[in-house]
Amino acid sequence: MKPTKTAATQTATLAEIAREAGVSAPTVSKVLNGRADVAPTTRSRVEELLRAHGYRRRRAEATRSPLIDVVFHELESAWAMEVIRGVENAARDAGLSVVLSESAGRLTPGRTWADQVAARRPHGVILVLSGLDESQRALLTSRSIPFVVMDPAGDPGADVPSIGATNWQGGLAATRHLVELGHTRIGAISGPSRMMCSRARVDGYRAALETAGLPVDPSLIVTGDFHHEAGYRLGLKLLRREDRPTAVFAGNDLQALGVYEAARELGLRVPEDLSVVGFDDLPVAHWVGPPLTTVRQPLTEMAEAAAKLVLDLGREEASVATRVELATTLVVRSSTAPPAK
């Protein structure tokens, strides 16, 4: 039986890669499968040729493990638990398991991670607040491993599937709520400036002030890292000012809890002396005292959508929307009130 044109072309490409690399076809196969028993220089040479030839393993040849890989920028937070819950929900429905890894604060995972993924051959990869460099994208593409970025740290690119939330609208809603209560000096504690979601929330904060005819005081905007400690430290900085703000948009719930702690240390009551708004609506926002006004980011739903998208991409669904933003909503609780007279 004669091979099909596609199969013949695929075989010829692999043979050409092996010839150009000066290695055997089994060595090229080892590289494709993420095997460790290949010299680093040989692996690098073969990967470069795979990219140059635009090699892509056919779906029929890409035997997959019953796994979804999830890569976190940072894993130690209640935020990550909400994401894991969403991926697990979708994976369970599809009869798959979930593999977790962390990029240790880097915006792209390390090279060894990419090799491990190639060896595992999962159904797909979800990157949370992370991204891929060009070589990593090429590696996954050549192995026919689909990937989706959830809550991209930067612009993922027009050709990269992504799931996000309406961060700008959320920042606008949080700040507008405080303005409508009568606050005119509103502090903001952002997340890392290199993260697109953080910049969008602060841009929404600025837009709400400007549309209300209020000045934007740059000294009231401070840069955090989305952790509790940053909320506490920067909260102290804002609240120790002689002209302290009467309200703070904390950028996320963990930083909002840090602001709570700073306020208590300085003898300020929430919301009588200080209004606080967070972002995410983590479970802790319901039972902290007083319950936190926050912007709900549908993390579990975003994660479920990311998992379903990566599985649809693996099935080569033709009508899949690859750039999705889910709506944020303001949830008003007891941490906000009109400023003291």
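How many cavities of 30 Å³ or more does the count come to? The answer is two. Keep in mind that this is a predicted model.

**The overall picture**
- The protein has 341 residues, and 53% of them are buried.
- Take the contacts with a separation of 6 or more: 73% of them are between residues 24 or more positions apart.

- E3 covers residues 124-128, and five of its five residues are buried, so the strand is largely enclosed by the rest of the structure.
- In a regular strand, side chains alternate between the two faces of the sheet.
- In E3, Gly124, Ile126 and Val128 point one way while Val125 and Leu127 point the other way, and all are buried.
- Strand E1 (residues 67-72) runs parallel to E3, with five bridges joining the two.
- Within E3, Val125 has Asp69 standing opposite.
- Strand E4 (residues 147-150) is also parallel to E3, and here the join is made by four bridges.
- Val128 stands opposite Met150 in E4.
- Helix H6 (residues 134-142) comes into the picture too: E3, H6 and E4 make up a right-handed β-α-β unit.

**The second largest cavity**
- Rolling a probe the size of a water molecule over the atoms shows where empty space is left.
- For the second largest cavity, the volume is about 30 Å³.
- Its lining is made up of Ala188, Ile189, Ser190, Gly191, Ser198, Arg201, Val202, Phe226, Phe249 and Gly251.
- Two elements, strand E6 (186-190) and helix H8 (196-211), each bring at least two residues to that lining.
- Sorted by class, the lining of this cavity has five nonpolar, four polar and one charged residues.

**Ser44 in helix H3**
- If you're looking for Ser44, you'll find it in helix H3, which spans residues 40-53.
- Is Ser44 buried or partly exposed? Ser44 has a relative accessible area of 45%, so it counts as partly exposed.
- Ser44 and Ala21 sit 23 residues apart in sequence, and their C-alpha atoms are 9.9 Å apart in space.

Key
Residues are numbered from 1 along each chain as its sequence is written. This is a predicted model: local features need pLDDT of at least 70, side-chain atom pairs count only at pLDDT 80 or more; totals for chains, interfaces and linings use all residues. Side-chain values use heavy atoms; hydrogens and water are left out. On a 1 Å grid over the protein atoms alone, a cavity is a set of points where a 1.4 Å probe fits but cannot get out, and a pocket is an open set with protein on both sides within 12 Å along at least five of seven lines; lining residues have an atom within 4 Å of a point. Grid points are joined across faces, edges and corners, and a volume is the space filled by probe spheres set on the points. Ala, Val, Leu, Ile, Met, Phe, Trp, Tyr, Cys and Pro count as nonpolar, Asp, Glu, Lys and Arg as charged, and the others, Gly among them, as polar. Buried means under 20% relative accessible area, exposed over 50%, partly exposed in between (1.4 Å probe, protein chains only). Two strands pair if DSSP finds at least two bridges between them. A crossover is right-handed if, with the strands pointing away from the viewer, the path from the first strand over the helix to the second runs clockwise. Contact means heavy atoms within 4.5 Å.
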